[in-house]
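Work through the exercises below with the sequence and the coordinates open. Try each task before reading its solution.

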2 protein chains.
Amino acid sequence: MASEKPLVAVTCTAPVNIAVIKYWGKRDEELVLPINSSLSVTLHQDQLKTTTTAAISKDFSEDRIWLNGREEDMGQPRLQACLREIRRLARKRRNAGDGDLVPLNLNYRVHVASVNNFPTAAGLASSAAGYACLAYTLAQVYGVEGNLSEVARRGSGSACRSLYGGFVEWQMGEQTDGKDSIARQVAPEVHWPQLRVLVLVVSAEKKLTGSTVGMQTSVETSALLKFRAESVVPARMREMARCIQERDFHGFAQLTMKDSNQFHATCLDTFPPISYLNDISRRIIQLVHHFNAHYGQTKVAYTFDAGPNAVIFTLDDTVAEFVAAVRHSFPPAANGDKFLKGLQVTPAPLSDELKAALAWEPIPGGVQYIIVTQVGPGPQVLNDPNAHLLGSDGLPKGAA
Amino acid sequence: MASEKPLVAVTCTAPVNIAVIKYWGKRDEELVLPINSSLSVTLHQDQLKTTTTAAISKDFSEDRIWLNGREEDMGQPRLQACLREIRRLARKRRNAGDGDLVPLNLNYRVHVASVNNFPTAAGLASSAAGYACLAYTLAQVYGVEGNLSEVARRGSGSACRSLYGGFVEWQMGEQTDGKDSIARQVAPEVHWPQLRVLVLVVSAEKKLTGSTVGMQTSVETSALLKFRAESVVPARMREMARCIQERDFHGFAQLTMKDSNQFHATCLDTFPPISYLNDISRRIIQLVHHFNAHYGQTKVAYTFDAGPNAVIFTLDDTVAEFVAAVRHSFPPAANGDKFLKGLQVTPAPLSDELKAALAWEPIPGGVQYIIVTQVGPGPQVLNDPNAHLLGSDGLPKGAA
């Protein structure tokens, strides 16, 4: 039936995730198997998401992909690995007798279009959302069900964590074929409603050392990374899961900061060394520690991925004051009205005592803008046909 | 005889040392015993030194000290520990029957004046030179001979390495009383005449986290530091000694850079994290790696202590070109003629190929100035009475 249609298109969205126990380093480059387990928080798609349309048609002569409106090479190994894997799963499913659920000829070519609503490659885990969305959308189009970790992971390791909402762990697994290296939800998105996430965008420049090459060099050269993966992370995974289950913000915040710092420490121990943090990142770290010290309580935590942008965790009752502290330390340059994006924040005054605790020279424009968001759900299918990024001709709608 | 003189004064100088295998963390705070051995290069006193005069007189009513012309509190525990230790050694010596060699009443009070010819507390190991000079000068005045490691160490751990010229290791020792935690020379200052040392002064500001508190927090909180001390440093000590013995610059340079990076990695793994490197430090690191990559050969190495200033090791045939590369990357602000201090450097042009390899936006004033120096001898006694920093009244000569 479906195979008679000239074109079948599905559009999905997928979220960004931010690791609180970091993934850095593969034990198998080909299969994308990590040297340690990791744990992340899925951010809400109202603020940060990837949207992907996949269309299949007998009329397509080749697999093609457009990222943010620009055609890219579908021959890239990581894209090919995802496609190969999803087709393998679909074939397996059909051979298992679920043939009716696999509606299309698996030899049909696919067109994919994908857009992010945030800058790519700025350390905001765009590849995680992107490959999770690709895996999820292709699975819809090819009628594949079940855990898609392996498909997403082949694109980008941390992408498997974007397949679920809430709090997600990626178990490193032990098998050499990677079958047990999968993501699973630790707690759903409604588990901790007070939790808020602020993305402090320091620089939207493309980073110097990509994470694929970076982690490869780290695995080859850093003795500290090996020790971390083997001897530090296992206990931290258990402790972090406990903090989340019990909504223990103090424990969650402390461990999040420590693990971010240790990840960046292993980058510095890499040879040649890798530095993702810059002077602004370090001032944000100081700001958080001074803010907490002022209250004698851990009210705010930072974490940094492979870039200078900070991701801040706090509770809803602290957002307004912390935003005021950031605005005080990094006065917005020209975009005072566009400084805050995302969830509404009621302006709050900064007490003189807190101002005094943050007593250093402000850096105008140090933080470009803040995205205020919260924990969110996993990938979604968009049922509105107007949402498709590809037209009935299988080409991007925006294209002339 | 000597005790009849109203005042006996001795003036000595001592060098700065730069660790190539870093010391960070004590296993005994009181005795200043380190968690790992370390190895350093003694810099030449023609460029960097501390000068100290110690005077003893029956007329002095209390122990007093002046640092860089300003009177400081002699009651500081570290100064007291040095004084106590030297007097204990002198007493021991006298009791052992060498009484004639201990010329003065040990109960006489001492006046000390000390000056550095470089900015204090800017990460230039001023405390190492300072306490080495104090220990050495007091030993002269009190007639104490032998290894002064314990005296200097009680002031500042790394000070024991400034008691010798050339290449010096500080063996961590195993005894709980610290008797075997001593410095010894690995190779004399004439061993490697081609070696040059450049201090790139990035910032002369006082550092945010002093090293005493910093290393204490690191020992308490960094799992990576413990691993480094126990499992990484022992092999590196042996390897570094070999590189020095064989004048293997490639090996020496690589290990120096790796050990500096690992030390700063453990600082970042400390909680709250410690960052001594800033964006300029990181650009210097990049500059060195690009310079070496351009030549396909390790011609230059960096190391950073607890501050943003870089110390560069290279061979005499590379100094001029590397200085040109620094000048190109960090154009001197207003002090073009005062940019280079120390040993003479014949200006060298920078090839277009090398300029291209360093192709990034120059940072004017990023490096304030460069001190060009080399490996130097240990502490010296100055026999010229005009060199005394204290007058015949026992007070600083410059004072009104």
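The model is predicted.

**Exercise 1. Overall dimensions**

Count the helices and strands of chain A, then judge its radius of gyration against that of a compact globule.

Solution. 
- Start with the secondary structure. Chain A has nine helices and 17 strands.
- Next, take the extent. Along the principal axes, the C-alpha atoms of chain A fill a box of roughly 70 × 45 × 40 Å.
- Now set the expectation. A compact globule of 400 residues would have a radius of gyration near 21 Å.
- Compare. Chain A has 22 Å, so the value agrees with a compact globule.

**Exercise 2. Two domains in one chain**

Find the bounds of the domains of chain A and describe the contact between them.

Solution. 
- Domain 1 of chain A covers 2-187 + 382-387, and domain 2 covers 195-374.
- Count the contacts. Domain 1 of chain A brings 32 residues, and domain 2 of chain A brings 49.
- Take the area. About 3200 Å² is buried between the two domains of chain A, with 71% from carbon and sulfur atoms.
- Which three residues of domain 1 of chain A supply more of its buried area than any other three? They are Ile21(A), Lys22(A) and Trp24(A), which supply 26% of the area that domain 1 buries against domain 2.

**Exercise 3. Polar links between the domains**

Search the interface of domain 1 and domain 2 of chain A for salt bridges and polar contacts.

Solution. 
- Begin with charge pairs. The interface between the domains of chain A holds one salt bridge.
- Look at Lys22(A). Its side chain meets that of Asp305(A) in a salt bridge, at 2.5 Å from N to O.
- Assign the elements. On the domain 1 side, β2 (17-21), β5 (38-42), β10 (167-170) and β11 (183-187) of chain A each give two or more residues.
- Sort by class. That side of domain 1 of chain A has 19 nonpolar, eight polar and five charged residues.

**Exercise 4. Chain A against chain B**

Solution. 
- Name the leading trio on chain A. Leu224(A), Leu268(A) and Phe271(A) supply 28% of what chain A buries against chain B, more than any other three residues.
- Turn to charge. There are two salt bridges between the chains. Arg282(A) pairs with Asp279(B) in a salt bridge, with 3.3 Å between the closest N and O atoms.

**Exercise 5. A pair within a helix**

Explain the spacing of Glu239(A) and Arg242(A) in helix α5 of chain A.

Solution. 
- Check the pair. Glu239(A) and Arg242(A) form a salt bridge, with the closest N and O atoms 3.1 Å apart.
- Count along the helix. The two are three residues apart in α5 of chain A, so about one helical turn separates them.

Technical notes: Residues are numbered from 1 along each chain as its sequence is written. Chains are lettered from A and ligands numbered from 1 in the order in which they are written. This is a predicted model: local features need pLDDT of at least 70, side-chain atom pairs count only at pLDDT 80 or more; totals for chains, interfaces and linings use all residues. Side-chain values use heavy atoms; hydrogens and water are left out. Domain bounds come from an automatic or database domain assignment. Contact means heavy atoms within 4.5 Å. Buried area is the accessible area (1.4 Å probe) that two parts lose on being put together, summed over both. A salt bridge is a side-chain nitrogen of Lys or Arg within 4 Å of a carboxyl oxygen of Asp or Glu. A polar contact is a pair of N or O atoms within 3.5 Å; within protein, one must be able to donate a hydrogen and the other to accept it, and residues adjacent in sequence count only if both atoms are side-chain atoms. Helices (H or I, at least four residues) and strands (E, at least two) are DSSP runs, numbered from the N terminus. Ala, Val, Leu, Ile, Met, Phe, Trp, Tyr, Cys and Pro count as nonpolar, Asp, Glu, Lys and Arg as charged, and the others, Gly among them, as polar. The radius of gyration is taken over C-alpha atoms; the globule rule is 2.2 Å times the number of residues to the power 0.38.
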